[in-house]
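Please consult the sequence and the coordinates alongside the text.

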Amino acid sequence: MARQFERDRPRLRAVAYRILGSLSEADDALQEAWLRADRADTSGVDNPSGWLTTVVARVCLNLLRTRDTRREEPLDDGARTRVAGTGPDPAEEAQLVEEVGIALLIVLDTLGPAERLAFVLHDMFDVPFDDIAAMLDKTPAATRQLASRARRRVRGVPAPAADLPRRRRAVDAYLAATRGGDFDALVALLHPDVVLHADAAVVPTPEPFAVSGVEPVARGAMASMARARFTGAVLVDGRVGLAMAEHGRLRVVLRFDFAADGRITGIDVIAEPARLNELDITGIG
């Protein structure tokens, strides 16, 4: 079983990362799964790879169910962990984000533990519903419904606005300019009367604040370059927006208002846990 675990480690780590969305938690889950496997009587196991996948999935499910405070951690926890040198390699995590897709990780973080497990195991790793049902203590039919609901949220539903494609292009351009530090490109996307509103948890500050004018708003966006690589386009309450999920946790959401010419007139930056929990976030179909 030890040899099998090492052969399967890359796949097991991929399973854990997609379920948890955090590289450090995925590595912790693998360590716990190995401790369980090492103590177990595996003499009757016919499919070692499948059995190890089940063990890892059960550990991840327990971790998801204990995330009662997952959106109440300070925004800069991840940064402090990296400074302390105890967190995962930021470059490796950024590479995994690119491979999996930040928008997918963001939407997965809005799912319940059972929905997330059912979707990841079945849709990403072809685990049969019968096997997943046993992990969740549900019927295969109920498990299929969980995966179906998760799939609808991940795939999203096109917003009714006729100009969704144009707004999607503007939001994508905003994200690209922020990631690349292209101040001039960002300025070109903003309306002269643009106003940015941010709640108290964004910086954080004692009170919510507002910034108006093209250059002040653009400078504020440039200050978020480090977060931009963990940011992706999603639908926020049916409107195209951006969401940031560092280490697999939804941290910040940006909602946009647009002028008739397509330029951005308003940006609402949301980071307070209570406000984040009220948002309906789905993929863009």
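## Nonpolar core

A nonpolar core is a set of buried Ala, Val, Leu, Ile, Met, Phe, Trp, Tyr and Cys residues joined through side-chain atoms within 4.5 Å. In this predicted model, the largest such core has 89 residues. Ile-19, Leu-121, Tyr-174, Phe-256 and Ile-267 are the members with the most contacts inside it. Helix α3 supplies the largest share of this core, 8 residues.

Beyond its neighbours within four places in sequence, Leu-121 is in contact with Val-15, Ile-19, Thr-53, Ala-57, Asp-126, Val-127, Ile-132 and Met-135.

## Packing of α1 and α3

Helix α1 spans residues 2-20 and helix α3 residues 48-65. The two pack at an angle of about 35°, and their axes lie 10 Å apart. The crossing of α1 past α3 is right-handed.

On the α1 side, the contact is made by Gln-4, Phe-5, Asp-8, Arg-11, Leu-12, Ala-16, Ile-19 and Leu-20. The residues contributed by α3 include Leu-52, Thr-53, Val-56, Ala-57 and Cys-60. By class, this contact has 12 nonpolar, 3 polar and 2 charged residues.

## Thr-265 in strand β6

Strand β6 covers residues 264-270 and contains Thr-265. Thr-265 counts as partly exposed because its relative accessibility is 24%, and that class lies between the cut-offs of 20% and 50%.

The C-alpha atoms of Thr-265 and His-191 are separated by 5.3 Å, although the two residues are 74 apart along the chain. Leaving aside neighbours within four places in sequence, the contacts of Thr-265 are His-191, Asp-193, Val-194, Val-195, Asp-257, Phe-258 and Ala-259.

Methods
Residues are numbered from 1 along each chain as its sequence is written. This is a predicted model: local features need pLDDT of at least 70, side-chain atom pairs count only at pLDDT 80 or more; totals for chains, interfaces and linings use all residues. Side-chain values use heavy atoms; hydrogens and water are left out. Helices (H or I, at least four residues) and strands (E, at least two) are DSSP runs, numbered from the N terminus. Buried means under 20% relative accessible area, exposed over 50%, partly exposed in between (1.4 Å probe, protein chains only). Contact means heavy atoms within 4.5 Å. Axes are lines fitted to C-alpha atoms, for helices over the stretch in contact, and angles run from 0 to 180 degrees between N-to-C directions. A crossing is left-handed if the near helix is turned anticlockwise from the far one by less than a right angle, and right-handed if clockwise. Ala, Val, Leu, Ile, Met, Phe, Trp, Tyr, Cys and Pro count as nonpolar, Asp, Glu, Lys and Arg as charged, and the others, Gly among them, as polar.
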